[in-house]
Amino acid sequence: MAEILAENLSGKAVTGSDGAELGMLYNITMDIDTGRLEDLLVDPNEHIDTSDFDTDEQGRLLIPVGRVQAVKDQMIVER
């Protein structure tokens, strides 16, 4: 897999595999003990239904990193 710098991900659009525009990437969480990336924190678009996703205290979507299907001009996540 090609390397992607974290600085290039901040503010990237996140889209579901169904074509729904989910929002913008805010941050990525990591397990401090293992160093494994865990969840994308996504600022959701106002018009999407967030009931399919876990959210944090600020209402950001928590999308497991394992659901990322592609990273190019936008991030595509399994929906």
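Okay, hi everyone. Before anything else, please keep in mind that what you see above is a predicted model. How confident is the predictor? The mean pLDDT of the chain is 89, and 91% of the residues reach 70 or more. Going strand by strand, confidence is highest in β5, residues 61–64, at a mean of 96. The lowest strand is β6, residues 68–71, and its mean is 92.

Let's start with the sheet. Which order do the strands take? Reading across, you go β4-β5-β3-β2-β1-β7-β6. That's seven strands in an open sheet, and the pairing is mixed. Now look at the two ends of that order. β4, which covers 54–55, and β6 each have a single partner strand, so one side of each has no neighbour in the sheet. If you're new to this, strands of a sheet pair through backbone hydrogen bonds, and they can do that parallel or antiparallel. For one example, take β3 and β5: they run antiparallel and are joined by four bridges.

Next up, charges. Side chains of opposite charge can pair when their charged atoms come close. How many salt bridges do we get here? The count is three. In one of them, R79 pairs with D18, with 3.3 Å between the closest N and O atoms. R79 sits in the segment after β7 (75–77) and D18 in the loop between β1 (13–16) and β2, so this pair ties together parts that are 61 residues apart in sequence. R79 also forms a salt bridge with D52, and there the closest N and O atoms are 3.5 Å apart. That pair links distant parts of the chain too: D52 is in the loop between β3 and β4, 27 residues from R79. Put together, D18, D52 and R79 make a network of salt bridges.

Are these residues buried or exposed? D52 counts as exposed, at 52% relative accessibility, while R79 is partly exposed at 33%. Then there's the bridge between D56 and R60, where the closest N and O atoms are 3.1 Å apart. Those two residues are both buried.

Now a quick stop at R67, in the loop between β5 and β6. R67 is partly exposed, with a relative accessible area of 23%.

Last thing: the surface. Which residues make the nonpolar patch? M30, I32 and L37 do, and the patch comes to about 350 Å². I32 is in the loop between β2 (21–30) and β3 (37–44). With a relative accessible area of 73%, I32 is exposed.

So, if you want a place to begin looking on your own, find R79 and trace its salt bridges to D18 and D52. Thanks, everyone!

Terms used
Residues numbered from 1 in each chain as written. Predicted model: local features only at pLDDT ≥ 70, side-chain atom pairs only at ≥ 80, totals over all residues. Heavy atoms only, no water. Patch = residues over 30% accessible without salt bridge, like charges linked within 9 Å, V, L, I, M, F, W, Y side chains within 5 Å. Areas by Shrake-Rupley, 256 points an atom, 1.4 Å probe, with all protein chains shown as cover. Salt bridge = Lys/Arg side-chain N within 4 Å of Asp/Glu carboxyl O. Helix = DSSP H or I, 4+ residues; strand = E, 2+ residues; numbered from the N terminus. Buried < 20%, exposed > 50% of the residue type's maximum accessible area, 1.4 Å probe, protein only. pLDDT = per-residue confidence, 0-100. Pairing = 2+ DSSP bridges.
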